[in-house]
Amino acid sequence: MLNSIRETRTVKEGMHNIMLEIAEETYTTFYGNISEDNAMDILKQYLNYHQDDGVPRDVKIKHNRNTHTVNIYANLHYLDNEKSSPRYYADDVIDGQ
């Protein structure tokens, strides 16, 4: 699922924003109901998968029934964060190992 997410980022007046767009069918296959708790879980997994140390806050979720997408919006905070350890997933492929 993490590879099928479309990401858009912006920075305005020093505030980093992220929007994740997920196909409605993909979202409901993994999570069922659309909620801010599930949105936070997806966002944390996505950032971890991409080894991004941003801390998400002000998470909002919007279900667009016309385009059959679920959009997750959040602010990302980078200052005073601890560096996280890289994590690896089963679908990561490292050549030569």
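1. A quick term before the tour: a residue is called buried when its relative accessible area is under 20%, exposed when that area is over 50%, and partly exposed in between. Glu21, at 21% relative accessibility, therefore counts as partly exposed. Please keep in mind throughout that this is a predicted model.

2. Start with the sheet. It is open and has four strands, in the order β1-β2-β4-β3, and the pairing is antiparallel. The edge strands, each pairing on one side only, are β1 (6-12) and β3 (55-64). On average, and ignoring direction, neighbouring strands here are turned by 20 degrees against each other.

3. Now look at where β3 meets β4. Strand β4 covers residues 69-77, and eight bridges join β3 to this antiparallel partner.

4. Next come the helices. Helix α1 (residues 24-31) packs on the sheet, where α1 touches β2 (15-23), β3 and β4. The direction of α1 makes about 90 degrees with that of β2. Helix α2 (residues 36-49) lies across β1, β2, β3 and β4, and α2 runs at about 120 degrees to β3.

5. How many salt bridges are there? The count comes to three. One of them brings together the side chains of Arg6 and Glu21, at 3.4 Å from N to O. This pair links distant parts of the chain: Arg6 sits in strand β1 and Glu21 in strand β2, 15 residues apart.

6. Arg9 deserves a look of its own. The side chain of Arg9 meets that of Glu7 in a salt bridge of 2.3 Å, N to O. The side chains of Asp52 and Arg9 form a salt bridge as well, with 2.6 Å from N to O. Here too distant parts of the chain are linked, since Asp52 belongs to the loop between α2 and β3 while Arg9 is in strand β1, 43 residues away. Put together, Glu7, Arg9 and Asp52 are linked in a network of salt bridges.

7. Which member of that network is buried? Asp52 is, because its relative accessible area is 15%, under the 20% cut-off. Arg9, with 36%, is partly exposed. Glu7 is partly exposed as well, at 32% relative accessibility.

8. Two backbone angles are worth checking. Most residues other than glycine have a negative phi. Gln51, however, has a positive phi, near 50 degrees. Gln51 lies in the loop between α2 and β3, and a relative accessible area of 44% makes Gln51 partly exposed.

9. The other one is His68, where phi is near 55 degrees, again a positive value in a residue other than glycine. You'll find His68 in the loop between β3 and β4. His68 is partly exposed, with a relative accessible area of 48%.

10. Is Thr69 buried or exposed? Thr69, in strand β4, is buried, because its relative accessible area of 11% falls under 20%. A polar contact of 2.9 Å joins the side chain of Thr69 to that of Thr67. Setting aside neighbours within four places in sequence, Thr69 is in contact with Glu21, Ile22, Glu24, Lys62, His63 and Asn64.

11. Last stop, His16, which lies in strand β2. At 30% relative accessibility, His16 counts as partly exposed. Which residues does His16 contact, leaving aside its neighbours within four places in sequence? They are Thr10, Val11, Ala74, Asn75, Leu76 and Tyr78. There is also a C-alpha separation to note: His16 and Pro56 are 40 residues apart along the chain, and their C-alpha atoms are separated by 9.7 Å.

Conventions: Residues are numbered from 1 along each chain as its sequence is written. This is a predicted model: local features need pLDDT of at least 70, side-chain atom pairs count only at pLDDT 80 or more; totals for chains, interfaces and linings use all residues. Side-chain values use heavy atoms; hydrogens and water are left out. Two strands pair if DSSP finds at least two bridges between them. Helices (H or I, at least four residues) and strands (E, at least two) are DSSP runs, numbered from the N terminus. Axes are lines fitted to C-alpha atoms, for helices over the stretch in contact, and angles run from 0 to 180 degrees between N-to-C directions. Contact means heavy atoms within 4.5 Å. Buried means under 20% relative accessible area, exposed over 50%, partly exposed in between (1.4 Å probe, protein chains only). A polar contact is a pair of N or O atoms within 3.5 Å; within protein, one must be able to donate a hydrogen and the other to accept it, and residues adjacent in sequence count only if both atoms are side-chain atoms. A salt bridge is a side-chain nitrogen of Lys or Arg within 4 Å of a carboxyl oxygen of Asp or Glu.
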